[in-house]
Amino acid sequence: MLGPVTTGRPARARTHRRPRSRILLVLLALVAVAAVLGVALVVVPMLRPAGPRPLFQMPVACGETWQLSTYPGHDDYDVDFFPVEGEAWGRPVLASYAGTVTVAGINGSLGGRTPENPEGPRGRGGGYWVKIDHGGKWETQYLHLLEPPLVEVGQKVAQGEQIGKLGSTGNSGAPHLHYEQRRGWEKVETHFDGTPSGITTDDREQILRRVSNNCPAVS
């Protein structure tokens with residue numbers, strides 16, 4: 001009887017290979033988990049309730065009287081600051097409260113309004129601006145600054161520290177400071193020295209006067 005017939009080629013050993021599709025599924029799952037964790041790190045803190053309102057002060061020098069105003073179409077809670085006396089261009093803009101700078105740059109475009117050319121072309125948006133995170137989901141915004149901000153992103157600032165100079169960059173008709181206070185995602189009525197400003201709506205023109213208590217701490 002004939003024995004087993006062979007072809008002369010060695011038999012291939014069987015290997016246990018994991019299907020590529022299974023590896024791909026594992027990688028996709030890992031990517032999905034990482035994405036969910038990343039979203040959670042951003043969203044969950046925003047869902048927490050805001051902390052107590054900081055004792056915000058007016059963003060201008062101690063003891064000065066300023067006009068706080070708004071007008072139809074300005075947007076609810078937005079406040080424009082104009083000095084009652086003296087030159088407006090270049091006046092110091094101060095941090096309303098201690099915090100960390102999160103934005104310091106250009107919003108929109110600058111335009112061409114300067115002290116030398118006050119009737120120059122308007123820009124778009126807020127021009128040179130600064131945003132400060134005060135913790136507890138509270139932040140303030142300062143728009144239409146004259147020059148690049150005097151602070152940079154990540155910098156810690158104290159209450160009353162100068163962050164810029166008053167100007168008319170962006171979509172601005174005259175030198176002034178556009179100012180906002182925000183709690184989380186929402187804009188809220190501005191408070192200064194623990195008192196509401198009274199500017200809550202833009203359905204009519206409002207003009208108020210207040211004295212700044214943004215004064216150096218007494219040691």
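Biologist: Leaving aside neighbours within four places in sequence, what is His144 in contact with?
Modeller: His144 is in contact with Gly125, Gly126, Tyr128, Leu166, Gly167, Ser168, Thr169, Gly170, Asn171, Ser172, His176 and His178. Contact here means heavy atoms within 4.5 Å.

Biologist: What kind of model is this, and what are the ground rules?
Modeller: This is a predicted model, where local features need pLDDT of at least 70 and side-chain atom pairs count only at pLDDT 80 or more, while totals for chains, interfaces and linings use all residues. Residues are numbered from 1 along each chain as its sequence is written, and side-chain values use heavy atoms, with hydrogens and water left out.

Biologist: What does the pLDDT average over the protein?
Modeller: The average is 89, and 86% of the residues score at least 70. The pLDDT is the predictor's confidence in each residue, on a scale from 0 to 100.

Biologist: Is His144 buried or exposed?
Modeller: His144 counts as buried because its relative accessible area is 6%. Buried means under 20% relative accessible area, exposed over 50%, and partly exposed in between, with a 1.4 Å probe and protein chains only. The backbone of His144 has a positive phi of about 70°, although the residue is not a glycine. Its C-alpha lies 4.6 Å from that of Thr169, 25 residues away along the chain.

Biologist: And where is Lys137, and what is its phi?
Modeller: Lys137 is in the loop between E5 and E6. Its phi is near 75°, again positive in a residue other than glycine. Lys137 is partly exposed because its relative accessible area is 24%.

Biologist: Changing topic: how much space is in the largest pocket?
Modeller: About 310 Å³. Pockets are found on a 1 Å grid over the protein atoms alone: a pocket is an open set of points where a 1.4 Å probe fits, with protein on both sides within 12 Å along at least five of seven lines, and lining residues have an atom within 4 Å of a point. Points are joined across faces, edges and corners, and the volume is the space filled by probe spheres set on them.

Biologist: Which residues lie nearest its centre?
Modeller: The largest pocket has 18 lining residues, and Tyr71, His74, Asp80, Asn171 and His176 lie nearest its centre. Strands E1 (65-70), E2 (79-83) and E5 (124-135) are the elements that give two or more residues to that lining.

Biologist: How does the lining of the largest pocket split by class?
Modeller: It has 4 nonpolar, 11 polar and 3 charged residues. Ala, Val, Leu, Ile, Met, Phe, Trp, Tyr, Cys and Pro count as nonpolar, Asp, Glu, Lys and Arg as charged, and the others, Gly among them, as polar.

Biologist: Where does Asp76 lie, and what lies 3.0 Å from its side chain?
Modeller: Asp76 is in the loop between E1 and E2. The backbone nitrogen of Asp202 lies 3.0 Å from a polar atom of the Asp76 side chain. Apart from neighbours within four places in sequence, Asp76 is in contact with Lys187, Thr200, Thr201 and Asp202. Asp76 is partly exposed because its relative accessibility is 30%.

Biologist: Which side chain does His191 meet in a polar contact?
Modeller: The side chain of Arg53, at 3.2 Å. A polar contact is a pair of N or O atoms within 3.5 Å; within protein, one must be able to donate a hydrogen and the other to accept it, and residues adjacent in sequence count only if both atoms are side-chain atoms. His191 lies in strand E11, residues 191-192, and it counts as buried because its relative accessibility is 14%.

Biologist: Last one: how many helices and strands are there?
Modeller: The protein has 1 helix and 13 strands. Of its 219 residues, 37% count as buried.

Conventions: Helices (H or I, at least four residues) and strands (E, at least two) are DSSP runs, numbered from the N terminus.
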